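Take a look at the structure first, and then we'll go through its parts one by one.

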Amino acid sequence: MIFIPAALRNTAIYGVKAMPGKFLPLQNVKTWLHQKSNANNCVPTSEPLKEKDLKDVQDFIDNTKKLFILTGAGLSTESGIPDWHNSTKTDRGTYSPDFFKNSVQGWADWMRFQSHEPNDVHKALSHWKKRGKIEWLATQNFDGLHLLACSENVTELYGSLLRAKCMSCKVVTERIDLLKRFIELNPNFSLDTQDENPVLSEDEMKFTIPECEKCEGSLKPDILFKGDKVETSVKKFLMEHVKKADGILILGTSLKYFPSSRCTKDAFKWKPIAIVNNGPTEADHLATLKIKANLGELLPKLIV
């Protein structure tokens, strides 16, 4: 594990060292759910990568000793995950903690999410960290794929679907433990569909949801829901790492959501900023460099 000061030991927020051995093999989950990949359906269309854009980003990286990196939904689309602020909304409404109380449908959606795997962009960033290029990485994504790609020093701003939390006693359960309990309680469950938001059939609704092992309370994914706020201490923690970095690289986010938008505007006072996103962002006017490109085409070609 990385060292974290005693006051900052909420590893769900301040970052952990990834330990791939502690996660249930993804193939086991896919087999249980009969999950099929539909990653290509989530990748937005884009013009072919321009050589000049590749060179410009490479030059930015070469001229920066340590990067602070902020990632968003555009990083995970090639793993089959839709834009995050759309993925929390379904024909069943917006997810909330109460939705997961005795909700077979909610937990079926959570389990389906567990079969997504890190893509080449997640793996490239993990390599950059091992090469000493990254000061810190903050992500708006709650898919946990940075940690599954063995990245270190990661702050998950909005929590992670790799964990569940008891609504009563607040005890956190890691996904491997929860998935094992789901499978033990529902060995014959199957979910044979390519639909991102299918409605369960009557037979599929006959499903047992695990309770908190400590107090038998109801569980929910350990993420921020509508109305929840990122703690002020987290924002201060990240700004300290922004100050330590030589430059900021923003990947796959429009920066519409706080605190990412505020951190970027504050950081502009001290650091050069490069943005790679498939559409406009709230900080385009502040950027030293702005590139429109699919990350899956660009990032693996960069040399660190």
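Let's start with the sheet. Six strands come together in an open sheet, in the order S5-S4-S1-S9-S10-S11, and their pairing is parallel. At the edges you'll find S5 (154-156) and S11, each of which pairs on one side only. Ignoring direction, neighbouring strands in this sheet are turned by 15° against each other on average.

Keep in mind that you're looking at a predicted model. The mean pLDDT of the protein is 79, with 74% of the residues at 70 or more. Some parts fall below that: over residues 1-37 the pLDDT stays under 50, and the model gives this stretch 87 contacts beyond four places in sequence. Residues 86-92 also have pLDDT below 50, and there the model has 19 contacts beyond near neighbours in sequence.

S1 and S4 (residues 134-139) run parallel and are joined by five bridges. Within this part of the sheet, Leu-70 stands opposite Ala-138 in S4.

Which helices lie across these strands? The table lists two of them, H6 and H9.

| Helix | Strands it lies across | Angle to S4 |
|---|---|---|
| H6 | S1, S4 and S9 | about 150° |
| H9 (residues 232-244) | S1, S4, S5 and S9 | about 145° |

Next up is helix H3, which covers residues 51-62. With 12 residues, H3 reaches 16 Å from its first C-alpha to its last, close to the 16 Å expected at 1.5 Å a residue. Which residues of H3 are buried? They are Asp-53, Leu-54, Val-57, Gln-58, Phe-60 and Ile-61. These residues cover an arc of only 160° around the axis, so they sit on the same side of H3.

What do the buried residues of H3 pack against? Their partners include the strands S1 (67-71), S9 (247-251), S10 (273-276) and S11 (289-291). Two helices are also among the partners: H6 (120-130) and H11 (295-298).

Let's zoom in on one residue of H3, Asp-53. Its relative accessibility is 15%, and under 20% counts as buried, so Asp-53 is buried. Leaving aside neighbours within four places in sequence, Asp-53 is in contact with Ile-291 and Lys-292. Asp-53 and Leu-289 are 236 residues apart in sequence, while their C-alpha atoms are 9.4 Å apart in space.

Another residue to look up is Ser-254, in the loop between S9 and helix H10 (260-267). Is Ser-254 buried or exposed? Its relative accessible area is 19%, so with the cut-off for buried at under 20%, Ser-254 is buried. Its contacts beyond four places in sequence are with Asn-277, Pro-280, Thr-281 and Glu-282.

Why is H5 described as largely enclosed by the rest of the structure? Because 10 of its 10 residues are buried. Among the buried residues of H5 are Trp-107, Trp-110 and Phe-113, along with Asp-109 and Arg-112. Val-104, Gln-105, Gly-106, Ala-108 and Met-111 are also on the list of buried residues in H5.

How values were computed: Residues numbered from 1 in each chain as written. Predicted model: local features only at pLDDT ≥ 70, side-chain atom pairs only at ≥ 80, totals over all residues. Heavy atoms only, no water. pLDDT = per-residue confidence, 0-100. Contact = heavy atoms within 4.5 Å. Helix = DSSP H or I, 4+ residues; strand = E, 2+ residues; numbered from the N terminus. Expected span 1.5 Å × (residues − 1). Buried < 20%, exposed > 50% of the residue type's maximum accessible area, 1.4 Å probe, protein only. Arc of directions from axis to C-beta. Pairing = 2+ DSSP bridges. Axes fitted to C-alpha atoms, helices over the stretch in contact; angles between N-to-C directions.
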